Amino acid sequence: MKPYRGLAIIFGFYALGEMVSSALHLPVPGSVLGMLFLLSALLSGAVKLEWVENEAELFVKNMSVLFIPPGVGIVTYLGLIKAQLVPISVALVLSFVVTLFVTAKTVEVVRR
Amino acid sequence: MNPYGIALTLVVFYVFSELHARRKAFYTNPVLLSILTIAVVLKLGNVSYDSYMESAVFLKFLLGPAVVSLAIPVYKNRALIARYAKEISLGILIGGTTAVLSAYWTAQLLGASETVLRSIAPKSVTTAIAIGVSAKIGGIPSLTAVLVITTGLLGNAFAPELLNVFGVGDRIARGLATGVSSHGLGTARIITEDELAGAVSGLAMALNGVFTAILLPYLIEVI
């Protein structure tokens, strides 16, 4: 029954994160809060790495497939994308190049 | 509940993952190819997105626990975080903010609508977190998902070459810039060229995800 310990911890922290996010009306997603709570629990020693390691890595390594259903939702917004194709594509490419450059140069300056 | 949506998703993804394992290139990205294929199948079969989602929603739900699980790679890399704490925190602070503002302002200047602006703002963050943030700030999570994947493909295809053009030789700088600008897909490429840069990139992706999730809801109200 070992996998249930890991799954109980992961889903428990997820539920806790959602509860805190909605109770305090925080704009941060509950899943991100759950991740921070789990990280604190690992750092403080309340949760041991080996209790959750295998189950968490199953999620992390197979995350890709989970993006497909929300991605397919794009079919509902084809008109919107077609209408704003220029701002969307220019913003994506320009922002990627600028972010890559600014981040790399920031780190280079700090390390000098 | 119909089983077709989840079956279609898993079958299509399995086929494209096999293809990607044989031919590793940015244009064989299994997530993007699966999204496009399923979109075409729904269109040809005259099936609505809602009826596809009736069972596929089960996969989407698992994004929550998957984000919680990201605590494990961060915890395992805590020594690396401590060693490069100054570089990592400043890189994410400045780079993560640049990613949001440059995309938002460019799209705004070119006339994008408010909903599109809110959907594009979290595009440099790993998909699972970006979808959650998009929903929280009034964007369209589906649009954000596709924009995030497209951004990742840019990093996967061009990040190392662009860093060469910019004359960036430092491995920590290369890894951090790739992770902050193009999350997991960028990381997947740079790790094949340099293991240290790849580890830093994966770490930057996780930390930038958390940073953006916390910053963006407040930032979006003031810009």
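## Ground rules and confidence

Residues are numbered from 1 along each chain as its sequence is written, while chains are lettered from A and ligands numbered from 1 in the order in which they are written. Because the model is predicted, local features need pLDDT of at least 70 and side-chain atom pairs count only at pLDDT 80 or more, whereas totals for chains, interfaces and linings use all residues; side-chain values use heavy atoms, with hydrogens and water left out.

The model scores ipTM 0.92 and pTM 0.88. Chain B has a mean pLDDT of 93, with 100% of its residues at 70 or more; pLDDT is the predictor's confidence in each residue, from 0 to 100. Helices here are DSSP runs (H or I, at least four residues), as strands are (E, at least two), numbered from the N terminus.

## The two domains of chain A

Chain A is assigned domain 1 (1-66) and domain 2 (68-112), with bounds that come from an automatic or database domain assignment. Taken over C-alpha atoms, the centres of domain 1 of chain A and domain 2 of chain A are 28 Å apart.

## Where the chains meet

Now for the interface. Chain B contributes 90 residues to the contact and chain A contributes 67 residues, where contact means heavy atoms within 4.5 Å. About 6900 Å² is buried between chain B and chain A, and carbon and sulfur atoms give 83% of that area. Buried area is the accessible area (1.4 Å probe) that two parts lose on being put together, summed over both.

Between chain B and chain A there are 13 residue pairs in polar contact, both residues being at pLDDT 80 or more. A polar contact is a pair of N or O atoms within 3.5 Å; within protein, one must be able to donate a hydrogen and the other to accept it, and residues adjacent in sequence count only if both atoms are side-chain atoms. The interface also has four salt bridges, a salt bridge being a side-chain nitrogen of Lys or Arg within 4 Å of a carboxyl oxygen of Asp or Glu. One salt bridge pairs Arg111(A) with Asp170(B), their closest N and O atoms lying 2.8 Å apart.

## Salt bridges up close

Over all chains, the structure holds twelve salt bridges. Side chains of opposite charge can pair when their charged atoms come close. Glu57(A) has a salt bridge with Lys61(A), at 3.8 Å between the closest N and O atoms. These two residues are separated by about one helical turn, because they are four residues apart in helix 3 (residues 49-61) of chain A. Lys61(A) is exposed at 64% relative accessibility, and Glu57(A) is partly exposed at 23%; buried means under 20% relative accessible area, exposed over 50%, and partly exposed in between (1.4 Å probe, protein chains only).

Glu57(A) also forms a salt bridge with Lys76(B), with 2.7 Å between the closest N and O atoms. This pair joins two chains, because Glu57(A) lies in helix 3 of chain A and Lys76(B) in helix 5 (residues 71-76) of chain B. Lys76(B) is partly exposed, at 38% relative accessibility. Within chain B, Arg189(B) forms a salt bridge with Glu161(B), again with the closest N and O atoms 2.7 Å apart. Arg189(B) lies in helix 11 (residues 171-193) and Glu161(B) in helix 10 (residues 141-165), so the pair ties together parts that are 28 residues apart in sequence. Arg189(B) is buried at 18% relative accessibility, while Glu161(B) is partly exposed at 37%. Salt bridges with shared partners also link Glu53(A), Glu57(A), Lys61(A) and Lys76(B) into one network.

Ser34(B), in helix 2 (residues 30-44) of chain B, is buried with a relative accessible area of 0%. Beyond residues up to four places away in sequence, Ser34(B) touches Ile68(A), Val12(B), Phe13(B) and Phe16(B). Ser124(B) sits in the loop between helix 8 and helix 9 (127-137) of chain B and is buried, at 3% relative accessibility. The side chain of Ser124(B) reaches the backbone oxygen of Ser181(B) at 3.3 Å.

Arg78(B) belongs to helix 6 of chain B and is partly exposed, with a relative accessible area of 40%. Its side chain reaches the backbone oxygen of Tyr75(B) at 2.8 Å. Arg78(B) and Leu203(B) are 125 residues apart in sequence, with 9.4 Å between their C-alpha atoms.
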